[in-house]
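Please look through the chain shown below before reading the points of this note. They are meant for someone who meets it for the first time.

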Amino acid sequence: MTVKRRCHGRNKKGRGHVNRVRCVSTGKAIPKDKAIKRFIVRNIVEASALRDIREASCIDNYQLPKIYIKQYYSVEAAIHQRVVRVRSRENRRIREPPQRNRPTFSRDGAAPGAGAAPGAGFK
């Protein structure tokens with residue numbers, strides 16, 4: 001029988017059974033190895049209220065804590081919400097993760113892209 005993916009859409013590899021997790025979007029119980037996982041790090045307060053809190057704070061340079069969330073999506077919900085995209089048959093064979101556009105910070109502590117050409121601070 002023909003196979004669409006060599007891992008059958010899972011990351012089990014020899015384990016007979018894996019526990020199930022709940023999808024963030026639909027609440028559906030899905031195997032943990034089949035779920036699409038995203039790790040979200042964000043501030044507790046949004047950017048609009050951040051300035052007000054810093055001005056009202058009595059502690060100088062107080063760093064507000066962040067929220068660390070591991071989210072699991074079912075395949076249907078992740079495709080529907082465009083967390084992942086459908087790939088062609090040739091592109092499904094590419095196993096390396098896509099390139100991430102994150103700013104690179106210099107060692108001297110300057111802001112990213114300061115004094116450089118536009119877009120030079122990004123990979």
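The points below go from the whole chain to single residues.

1. The model is predicted, so to speak of local features a pLDDT of at least 70 is needed and side-chain atom pairs count only at pLDDT 80 or more, while totals for chains, interfaces and linings use all residues. Residues are numbered from 1 along each chain as its sequence is written, and side-chain values use heavy atoms, with hydrogens and water left out.

2. The protein has 2 helices and 4 strands, and from the N terminus its elements follow the order β-β-β-α-β-α. Here helices (H or I, at least four residues) and strands (E, at least two) are DSSP runs, numbered from the N terminus.

3. Of the 123 residues, 13% count as buried, where buried means under 20% relative accessible area, exposed over 50%, and partly exposed in between (1.4 Å probe, protein chains only). The accessible surface comes to about 10900 Å², and carbon and sulfur atoms account for 51% of that area; the areas come from the Shrake-Rupley method with a 1.4 Å probe, and for residues only the protein chains shown count as cover.

4. Contact means heavy atoms within 4.5 Å. Among contacts between residues at least 6 apart in sequence, 54% join residues at least 24 apart.

5. D33 sits in the loop between β2 (29-31) and β3, and counts as buried because its relative accessibility is 12%. Leaving aside residues up to four places away in sequence, D33 touches R10, N11, K12 and V18. With K12 there is also a polar contact, since the side chain of D33 reaches the backbone nitrogen of K12 at 3.3 Å; such a contact is a pair of N or O atoms within 3.5 Å, and within protein one must be able to donate a hydrogen and the other to accept it, while residues adjacent in sequence count only if both atoms are side-chain atoms.

6. K37 belongs to strand β3 and, at 30% relative accessibility, counts as partly exposed. The side chain of K37 reaches the backbone oxygen of A35 at 2.8 Å, and a polar atom of that side chain lies 3.0 Å from the backbone oxygen of K32. Not counting residues up to four places away in sequence, K37 touches K32, K70, Q71 and Y72. The C-alpha atoms of K37 and S74 are separated by 9.1 Å, although these residues are 37 apart along the chain.

7. F39 is also placed in strand β3 (residues 36-43), and is exposed because its relative accessible area is 56%.
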